[in-house]
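My notes follow in the order in which I looked things up.

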Amino acid sequence: MTAQDSATAPLTIAAGSGTALAALGVGAFSLTFPATAWALEGLGPWTVTTLRVTLAALIAGGSLLALRVPFPERRHVAGLLVVAAGVVIGFPLLTTLALQTSSTSHSAVVVGLLPLTTAACSAVRTGTRPSRTFWAAALAGAAVVIGYALLQSGGTPTSGDLYLFAALLVCAAGYAEGGRLARHLPGWQVIGWALVLCLPLAAPVAAVAVSVEPVRLTAHAVTGVLWLAVGSQFLGLVVWYRGMAEIGVARASQLQLAQPLLTLVWAVLLLGEHLTPAALLTALAVLVCIAVTQRARS
């Protein structure tokens with residue numbers, strides 16, 4: 001082995017481990033909508049959302065306490081609140097409300113725009129200027145998804161579609177801010193502190209929601225909530241931010257190309273949904289648009 005090979009070997013190993021971690025995050029996220037659909041079989045939307053946040057916050061808080069991690073500097077608190085509002089509270093609540101009336105496959109197609117909206121929010125937040133090709137592909141992807149949603153709803157967006165589009169915006173803002181914070185804090189601490197900041201709000205609301213909304217603790221409902229809390233809300237984001245820190249936001253986001261298609265597969269296997277040709281074609285069209293944006297950014 002040459003001296004140059006010895007120098008580049010650690011970088012290759014780091015890139016490989018970062019890719020694997022980011023891929024694990026995408027796999028965890030792809031199960032979020034099916035798990036939410038399972039949870040809604042026995043619990044109300046507010047119960048599902050606040051329970052997942054409360055349980056994940058307790059896990060995160062315990063981890064931070066056990067490792068004696070100091071509270072972040074004051075200059076990072078505003079960013080953590082953006083992550084908390086978008087990723088911890090906003091996206092889970094809005095998508096849970098959407099899944100009361102929208103199918104998992106339909107929601108997966110619409111939310112397939114997330115990498116594009118995240119890239120746009122990141123460009124605005126950091127002041128970068130993507131190329132015209134990037135914006136053309138991003139707008140094309142948005143047009144395809146909006147057209148699909150209107151076609152499925154007979155020309156008028158449904159309440160579920162409005163929830164999903166709002167979820168895209170708040171989650172993109174949270175991802176972009178989280179990516180910025182991950183340059184200053186370990187990725188797992190970004191989501192960990194964001195969760196902890198939400199605990200004083202989530203826990204009381206969860207107690208009220210459980211007492212007001214119907215509760216049927218079926219196997220699906222319990223499994224769904226546990227996966228949402230442990231897999232999607234905490235561990236998935238931990239490995240995602242860690243992988244993103246190792247290989248970069250642009251390369252990590254390329255792995256998200258597979259997320260809508262994976263969710264469509266889970267919708268068929270776990271929920272027995274029928275996959276329409278329109279959903280599959282739209283998901284593939286969005287994948288192509290995102291691939292173009294990634295190439296334009298590189």
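The entries below go from a helix pair to a cavity, then to one residue, and lastly to a pocket.

**Entry 1: a helix pair.** I kept in mind that this is a predicted model. I began with helix H2, residues 32-39, and helix H12, residues 259-271, and found that they pack at an angle of about 35 degrees, with 8 Å between their axes. I then listed who meets whom: on the H2 side Phe 33, Pro 34, Ala 37 and Trp 38 take part, and on the H12 side Thr 263, Trp 266, Leu 270 and Leu 271. Sorted by class, this contact of H2 with H12 holds seven nonpolar residues and one polar residue, and no charged ones.

**Entry 2: the cavity.** I next asked how many cavities of 30 Å³ or more the model has. The count came to one, and for the largest cavity I noted a volume of about 290 Å³. Its lining is made up of 22 residues, of which Phe 29, Thr 32, Phe 91, Tyr 175 and Gln 259 are the closest to the centre. I looked up which helices supply at least two residues each to this lining, and wrote down H1 (3-30), H2, H4 (74-98), H5 (104-111), H6 (114-126), H8 (159-181), H10 (219-247) and H12. By class, I recorded 13 nonpolar, eight polar and one charged in the lining of the largest cavity.

**Entry 3: Thr 32.** I went back to Thr 32, which is found in helix H2 and is among the lining residues closest to the centre of the largest cavity.

Entry 4: I finished with the second largest pocket, for which I noted a volume of about 220 Å³. Its lining includes Leu 113, Leu 116, Thr 117, Trp 135, Ile 146 and Phe 165, and the elements that give two or more residues to it are H6, helix H7 (132-153) and H8. Which element gives the most to this lining? I found that H7 does, with five residues. By class, the lining of the second largest pocket divides into eleven nonpolar residues and one polar, with no charged residue.

How values were computed. Residues are numbered from 1 along each chain as its sequence is written. This is a predicted model: local features need pLDDT of at least 70, side-chain atom pairs count only at pLDDT 80 or more; totals for chains, interfaces and linings use all residues. Side-chain values use heavy atoms; hydrogens and water are left out. Axes are lines fitted to C-alpha atoms, for helices over the stretch in contact, and angles run from 0 to 180 degrees between N-to-C directions. Helices (H or I, at least four residues) and strands (E, at least two) are DSSP runs, numbered from the N terminus. Contact means heavy atoms within 4.5 Å. Ala, Val, Leu, Ile, Met, Phe, Trp, Tyr, Cys and Pro count as nonpolar, Asp, Glu, Lys and Arg as charged, and the others, Gly among them, as polar. On a 1 Å grid over the protein atoms alone, a cavity is a set of points where a 1.4 Å probe fits but cannot get out, and a pocket is an open set with protein on both sides within 12 Å along at least five of seven lines; lining residues have an atom within 4 Å of a point. Grid points are joined across faces, edges and corners, and a volume is the space filled by probe spheres set on the points.
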